[in-house]
Amino acid sequence: MSGFARSLLRPDGYRSVPYALLGMALALPAMPFALVAAMFPGTPRLLFALALVPVATVLAAAGLSGPVRRFGVAVANAVLGTELPSPGRARPAWPDRLRSAAWLVLHAGLSGLLLVIGGVLVLGMLTPILWLSGDGRQFSFFGTNAVAGAWTVPVALGMLALALLVAAAATRVFRAGATALLSPSATERAALAERRSAVLAQRNRLARELHDSIGHTLTTSTIQAAAAADLVEADPAQVRRALGTIEEASRSALEDLDHVLGLLREEPAAKAPTRTLAEVDVLAVRAREAGLDVRLAVTGPVAALPAAVSREGYRIVQEGLTNALRHAGPGAVDVRVEAGPDRLGIAVVNALPGDGPRTGRRGLAGLAERVEALRGELDAGPDGQQWRLSASIPLRAGA
């Protein structure tokens, strides 16, 4: 069975009817121009032509605007079931505007033609009423005099079948026209790809923010809560210290979460937390309170580092300590931060767990993107019986 034949059996094959009604509604604002044109004297054909010209002109002018193009795409998708991508808010180029104008004119013109044909067919379907109201009634049937009789029943059924065929065919024509005239051009496809890329980049940024801040806090808080539960009777003072660490970490996580939610809501007032390597000792203290034996060594003027480098350095140490809390084997965790004249070097080294290396792949992928954006290098992997996370970031573009 062909696609057209199958469309006759589906209700969505007759979407041309509401689409045509909408097309006539779009043409209503231009109708006064047609009435003015029809007031000029002349032959009936000339009057008809004069009535169509101003209507088409007004519709074409309206179709040149960007909102009309977006409206046309939305209507085609909602009524005809097409899957055209939205052209966005950017101002369309002139070739796309002309295609929108052609769509609006053809939409209104084909809609009027379909409604005229449909009206004639509906009148044919109503002829049995004349026969049922009394035999012998005469009426004009397509320009000829006819007498109502039983023959009107099969004629009405034929008219109904023809109306369904016309409506189904018009649906396919409308869909083809909308696809040809409202589908994105090469310029619009490039703009769509750019918008998708920006959205994906923003999503990746938010994912990194959540992983770096919330993930680290949840790891620390979970370990501290478990330790506090074991010591609640034996060492109340240690429990109080653990609860204090959880409170401080949770407050920090709330600041990060508020920042991320502000980005999602596009709130300009949401400020990013400014944690830098000047606070790396706080990370070490929290990790120690969570049970890690952290040996921190900081050399060089860390406070004088560029803000962007210092922020990313903080995240690198944070990720290294978070992974050590989750997966490190027994032994100390060495954290070294070296702020040289040209480069920042960071290394987080811990023993491998007994069942082999395990680490957060999402976190490392995010770190690699951050370091690469600063033209630095990141390396993470087993080094003998240890796991080493190291980064080297230049402090100047040419370094």
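**Reading a predicted fold: cores, strands and rings**

Mentor: Buried residues make up 39% of the 399 residues in this protein, where buried means under 20% relative accessible area, exposed over 50% and partly exposed in between, with a 1.4 Å probe and protein chains only. The model is predicted, so local features need pLDDT of at least 70 and side-chain atom pairs count only at pLDDT 80 or more, while totals for chains, interfaces and linings use all residues. Residues are numbered from 1 along each chain as its sequence is written, and side-chain values use heavy atoms, with hydrogens and water left out.

Trainee: How many helices and strands are there in the protein?

Mentor: Helices (H or I, at least four residues) and strands (E, at least two) are DSSP runs, numbered from the N terminus. Here there are 13 helices and seven strands.

Trainee: Which residues of the largest nonpolar core touch the most other members?

Mentor: In soluble globular proteins, nonpolar side chains tend to be buried together. A nonpolar core is a set of buried Ala, Val, Leu, Ile, Met, Phe, Trp, Tyr and Cys residues joined through side-chain atoms within 4.5 Å. The largest has 33 residues, and Leu-277, Ile-316, Val-317, Leu-321, Val-335 and Leu-344 touch the most other members. Elements that each supply at least two of its residues include α12 (307-327), β4 (333-339) and β5 (343-351). The largest share, seven residues, comes from α12. A second, separate core of 20 residues includes Ala-27, Ala-76, Leu-84 and Leu-104.

Trainee: What is Leu-321 in contact with, leaving aside its neighbours within four places in sequence?

Mentor: Contact means heavy atoms within 4.5 Å. On that basis the partners of Leu-321 are Leu-283, Ala-284, Ala-287, Leu-292, Val-294, Val-333, Val-335 and Val-348.

Trainee: Which strand is joined to β3 by six bridges?

Mentor: Two strands pair if DSSP finds at least two bridges between them. Strand β3 (residues 294-299) runs parallel to β4, and Val-294 stands opposite Val-333 in β4. Handedness can then be read: a crossover is right-handed if, with the strands pointing away from the viewer, the path from the first strand over the helix to the second runs clockwise. The β-α-β crossover from β3 through α12 to β4 is left-handed.

Trainee: In which sense do β5 and β7 pair, parallel or antiparallel?

Mentor: Antiparallel, over nine bridges; Ile-346 has Ala-391 in β7 as its bridge partner. Seven bridges also join β6 to β7, again antiparallel, with Pro-382 partnered by Trp-387 in β7.

Trainee: Where does a positive phi occur in the hairpin of β6 and β7?

Mentor: Most residues other than glycine have a negative phi. In this hairpin, which has two residues between the strands, Gly-384 takes a positive phi near 70°. Arg-375 is not a glycine, yet has a positive phi of about 65°. Arg-375 lies in the loop between α13 and β6 (377-383) and counts as exposed because its relative accessibility is 60%.

Trainee: How many aromatic pairs does a search of the whole structure find?

Mentor: Rings of Phe, Tyr and Trp (its six-membered ring) pair if their centres lie within 6.5 Å; planes under 30 degrees apart count as stacked, over 60 as edge-to-face and the rest as tilted. The search finds one pair. Tyr-19 and Phe-174 have ring centres 4.9 Å apart and planes at 70°, so they are edge-to-face. Tyr-19 lies in α2 (residues 16-27) and Phe-174 in α8 (residues 152-182), so the pair ties together parts 155 residues apart in sequence. Both Tyr-19 and Phe-174 are buried.
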